[in-house]
Amino acid sequence: MFYPLMDSDYRIESNREHGLGRPDIVLCPPAGKPPVIIELKKLPPNPRYKDHPDERERDLQIESEKAIQQIHKKEYSYALPPDTTSAIFCGVACLTKYVAVKMEVVDIASLRLSNSDVGEN
């Protein structure tokens, strides 16, 4: 998933304050590349998943979407440098060896504009 980033100069931050909370991982890029905000979710074991793998997959997808929603809700992109134009939001949900990943490319400039309008009359 992040193989293209491995040979670059991305700096890794973990659990540092960003916006209204602490994202699990932020990959801070060199100039000209988008930052990546990663939120991790762990699905609790459920004996039902053994006989119903479709439910396991559904629940993993739901949790990865919740991770993306958390990135938006807690405004983790707020602390990105002001010249950031886009970012990649990544929600990862895990249950033992099963994983679901949801990624979203976000236009940070328009996101900041919409957030600055909140509370204005």
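The exercises below, each with a worked solution, concern a predicted model of one protein chain.

**Exercise 1.** Determine how many helices and strands the chain has, and in which order they follow one another along the sequence.

*Solution.* Begin with the count, which gives 2 helices and 5 strands for the chain.

**Exercise 2.** Describe the chain as a whole by its buried residues, its contacts and its accessible surface.

*Solution.* Take the buried residues to begin with: of the 121 residues in the chain, 37% are buried. Turn next to the contacts with a separation of 6 or more, of which 52% are accounted for by residues 24 or more positions apart. Finally, consider the accessible surface, which comes to about 7,900 Å², with 54% of that area belonging to carbon and sulfur atoms.

**Exercise 3.** Locate E75, and decide whether this residue is buried, partly exposed or exposed.

*Solution.* Look at the backbone of E75, which has a positive phi of about 50° although this residue is not a glycine. Its place is in the loop between helix 1 (53-73) and strand 4 (86-95). Because the relative accessibility of E75 is 28%, the residue counts as partly exposed.

**Exercise 4.** Carry out the corresponding analysis for T96, giving its place and its exposure.

*Solution.* T96 is not a glycine, and yet its phi is positive, at about 50°. The residue lies in the loop between strand 4 and strand 5 (98-107). For the last step, recall that exposed means over 50% relative accessible area; T96 has 70%, and therefore it is exposed.

Methods. Residues are numbered from 1 along each chain as its sequence is written. This is a predicted model: local features need pLDDT of at least 70, side-chain atom pairs count only at pLDDT 80 or more; totals for chains, interfaces and linings use all residues. Side-chain values use heavy atoms; hydrogens and water are left out. Helices (H or I, at least four residues) and strands (E, at least two) are DSSP runs, numbered from the N terminus. Buried means under 20% relative accessible area, exposed over 50%, partly exposed in between (1.4 Å probe, protein chains only). Contact means heavy atoms within 4.5 Å. Accessible areas come from the Shrake-Rupley method with a 1.4 Å probe; for residues, only the protein chains shown count as cover.
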